[in-house]
Amino acid sequence: MEDSRIALPIGTALDRFIKKYQDQFKYATGELSQLLRDLALAGKVVNREINKAGLMNIGGAYGSINPQGEEQQKLDILTNIRFSRALTKGGEVCGIISEESEEIIYTGNHDGNYVVAIDPLDGSSNIDVNVSIGTIFSVYRRKSKTGMPVTMEDMLQPGKEQVAAGYILYGSSTMLVYTTGHGVNGFTYEPSLGEFFLSHPNMTIPEVGKIYSINEGSYNSFEQPVKDFIEHCRDNNYSGRYIGSLVADFHRNLLKGGIYIYPKTEKSPEGKLRLMYECNCLAFIIEQAGGAASDGVNRIMDIVPTEPHQKAPFFVGSKNLVEKAESMYNQQS
Ligand code: P6P
């Protein structure tokens, strides 16, 4: 097994990077590599559409509601089509859980060995105000026999079973950040060449973070441990930074240190974020980058899912801050 520290230089193209480190995958048959390429390609297409949304009349609401009861934006629908079509045509994926589809997407690829959980476009309500948004994804190896139809057991695996996870951040520059369990690497998209290039090798989150990201507008409905944690941040003069777009807040905290919290609130009594295609993906990345992710009490990646769209309270970021927040819950119990 090759040393998992990345020795390739900044500027290495994504394709070359994937090839170079393919043998780190337990089942290095090239399928997972191809799956990652399919995701990156769909991301390039979505990036182009997002950048022109205001001009192509694909901004704004579509007029339908997603499984979460949220108003779907036109780009939510379009992005869901782009990614589910790319993953279906690629052939490696036998089943997809998507935020934008109530039912499991059965791709018909019975020979596919992977399942994907994806939030095709998180934070899409920010599109019209030009705030960064993101795609978040998780990849699991199927449990059932290849050649058979995908099963719910294949789809509902705990986060610790992930074989890859990542996000695409459509921001001032578009970035793909992902892990296959051998560290975290970031690639920046160069639109004039239509390629992602290694820009952030071996990403690690600063051990001690001093930024906290939470919607304090819901303060009155927070549980006492969350209020105590906010008090701790204020007493230590930490900076409050909340963009209201998960991938953007997460990415800043990954680079600078900090914690993102979406706790239980009156409006979202189990939390707002979804375990399968938001919490688990970012939990895998943050642990690989030296951070932590929990629901305030349990490690996110240990939670055994029962529903495709189930939610979880989410505390993710620098270890010192996540552990401090957890200690507030411990003191309560
Ligand atoms: P609130 C976007 O809808 C999202 O899922 C995340 O991207 C974001 O962090 C959060 O919800 C914002 O929710 O309740 O603070 O507006």
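How many residues does helix α5 have, and what does the helix reach from its first C-alpha to its last? I opened the notebook with that.

**Ground rules**

I am working on a predicted model, where local features need pLDDT of at least 70, side-chain atom pairs count only at pLDDT 80 or more, and totals for chains, interfaces and linings use all residues. Residues are numbered from 1 along each chain as its sequence is written, and side-chain values use heavy atoms, with hydrogens and water left out.

**Entry 1: helix α5**

I looked up α5, residues 224-235, and found 12 residues. Helices here are DSSP runs of H or I with at least four residues, strands are runs of E with at least two, and both are numbered from the N terminus. From first C-alpha to last, α5 reaches 16 Å, close to the 16 Å expected at 1.5 Å a residue. The expected span is 1.5 Å times one less than the number of residues.

Next I checked burial. I call a residue buried under 20% relative accessible area, exposed over 50%, and partly exposed in between (1.4 Å probe, protein chains only). In α5, Pro 225, Val 226, Lys 227, Phe 229, Ile 230, His 232 and Cys 233 are buried. Their cover includes strands β11 (211-213), β13 (259-262) and β15 (314-317), along with helix α8 (319-332). Just after the helix, I noted that Asn 237 takes a positive phi of about 55 degrees.

**Entry 2: strand β15**

Ile 261 has Phe 315 of β15 as its bridge partner. Ala 293 stands opposite Val 316.

**Entry 3: the open sheet**

I then traced the eight-strand open sheet. Its order is β4-β3-β5-β6-β7-β8-β9-β10, with mixed pairing. The edges are β4 (105-106) and β10 (195-200), each of which pairs on one side only.

I took some neighbours in turn. β5 and β6 are antiparallel over seven bridges, and Asp 122 has Gly 134 of β6 as its bridge partner. β6 (residues 133-141) and β7 are antiparallel over eight bridges. There, Ser 138 bridges to Ala 165 in β7. β7 and β8 (residues 174-179) are antiparallel over six bridges, and a hairpin of three residues joins them. Leu 169 bridges to Met 175 in β8.

Why is β7 largely enclosed by the rest of the structure? I counted nine of its nine residues (162-170) as buried, so the strand is largely enclosed.

**Entry 4: Tyr 167**

I picked Tyr 167, which sits in β7. Its relative accessibility is 0%, so Tyr 167 counts as buried. The C-alpha of Ile 136 is 4.3 Å from that of Tyr 167, although the two are 31 residues apart along the chain. I listed contacts (heavy atoms within 4.5 Å). Leaving out residues up to four places away in sequence, Tyr 167 touches, among others, Phe 137, Met 175, Phe 250, His 251 and Leu 282.

I searched on a 1 Å grid over the protein atoms alone: a cavity is a set of points where a 1.4 Å probe fits but cannot get out, a pocket is an open set with protein on both sides within 12 Å along at least five of seven lines, and lining residues have an atom within 4 Å of a point. Points are joined across faces, edges and corners, and a volume is the space filled by probe spheres set on them.

There are two cavities of 30 Å³ or more. I read its lining as Leu 14, Ile 18, Leu 36, Leu 39, Phe 137, Leu 176 and Tyr 178. Elements giving two or more of these residues are α1 (14-20), α2 (31-51) and β8.

The largest pocket holds about 530 Å³. Of its 29 lining residues, Glu 70, Gly 123, Ser 125, Gly 244 and Lys 272 are closest to the centre. I noted that β2 (71-73), β5 (114-122), α6 (246-256) and β13 each supply at least two lining residues.

Terms used
Pairing = 2+ DSSP bridges.
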